[in-house]
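Here is a short report on helix packing and aromatic rings. Look over the model first, then read on.

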Amino acid sequence: MTEKETIVFLFERYLKFIQDQKNHIEVLSLPEKCSYDNLVSLSNEAISNSDKYPNDKLQRWLGFTQGVLATIGVIDVDQERDFTRKYLHAYHSEKIKSFG
């Protein structure tokens, strides 16, 4: 998988989580940028138009989405780090140091 394909793959994963947790997300008093509709729109935009955006922008969007989902309890930070590590570290020739 290319880096862009990996980013799209992860957005597709998170979009499914978002849609599965629609009722949970919609009852929370979240800022507009963190709302269900915005998370769906952001994910769909990244999936459908990834070729229009540079990878660093898509990665920021991905990190934002992950942060919101972790904050509201839809994903677990440690589990996602372990899941995504094999995909994201594939682009580095040497092992990346882990923060924690």
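## Ring pairs

Rings of Phe, Tyr and Trp (its six-membered ring) pair if their centres lie within 6.5 Å. This is a predicted model. The structure holds five aromatic pairs.

A pair of aromatic rings is described by the distance of the centres and the angle of the planes. Take Phe9 and Phe83. Their ring centres are 6.4 Å apart and their planes lie at 25°, so this pair is stacked. Phe9 sits in helix α1 and Phe83 in helix α5 (residues 77-88).

Phe9 is partly exposed, with a relative accessible area of 27%. Phe83 is partly exposed too, at 21%. Phe9 also pairs with Tyr87: the centres are 5.0 Å apart and the planes are at 45°, so that pair is tilted. Tyr87 belongs to helix α5, 78 residues from Phe9. Ring pairs join Phe9, Phe83 and Tyr87 into a cluster.

## Helix α1 against helix α3

Two packed helices are described by the angle between their axes and the distance between the axes. Helix α1 covers residues 3-20, and helix α3 covers residues 36-48. Their axes come within 9 Å and cross at roughly 155°. Angles over 145 degrees count as roughly antiparallel, and α1 and α3 are therefore roughly antiparallel to each other. The crossing is left-handed.

Which residues in α1 meet α3? They are Val8, Phe11, Glu12, Leu15, Ile18 and Gln19. Their partners in α3 include Tyr36, Leu39 and Val40. By class, this contact has nine nonpolar, three polar and one charged residues.

Notes: Residues numbered from 1 in each chain as written. Predicted model: local features only at pLDDT ≥ 70, side-chain atom pairs only at ≥ 80, totals over all residues. Heavy atoms only, no water. Axes fitted to C-alpha atoms, helices over the stretch in contact; angles between N-to-C directions. Helix = DSSP H or I, 4+ residues; strand = E, 2+ residues; numbered from the N terminus. Parallel < 35°, antiparallel > 145°, perpendicular 65-115°, else oblique. Left-handed = near helix turned anticlockwise from the far one by under 90°. Contact = heavy atoms within 4.5 Å. Nonpolar A, V, L, I, M, F, W, Y, C, P; charged D, E, K, R; others polar. Phe/Tyr/Trp six-rings, centres within 6.5 Å; stacked < 30°, edge-to-face > 60°. Buried < 20%, exposed > 50% of the residue type's maximum accessible area, 1.4 Å probe, protein only.
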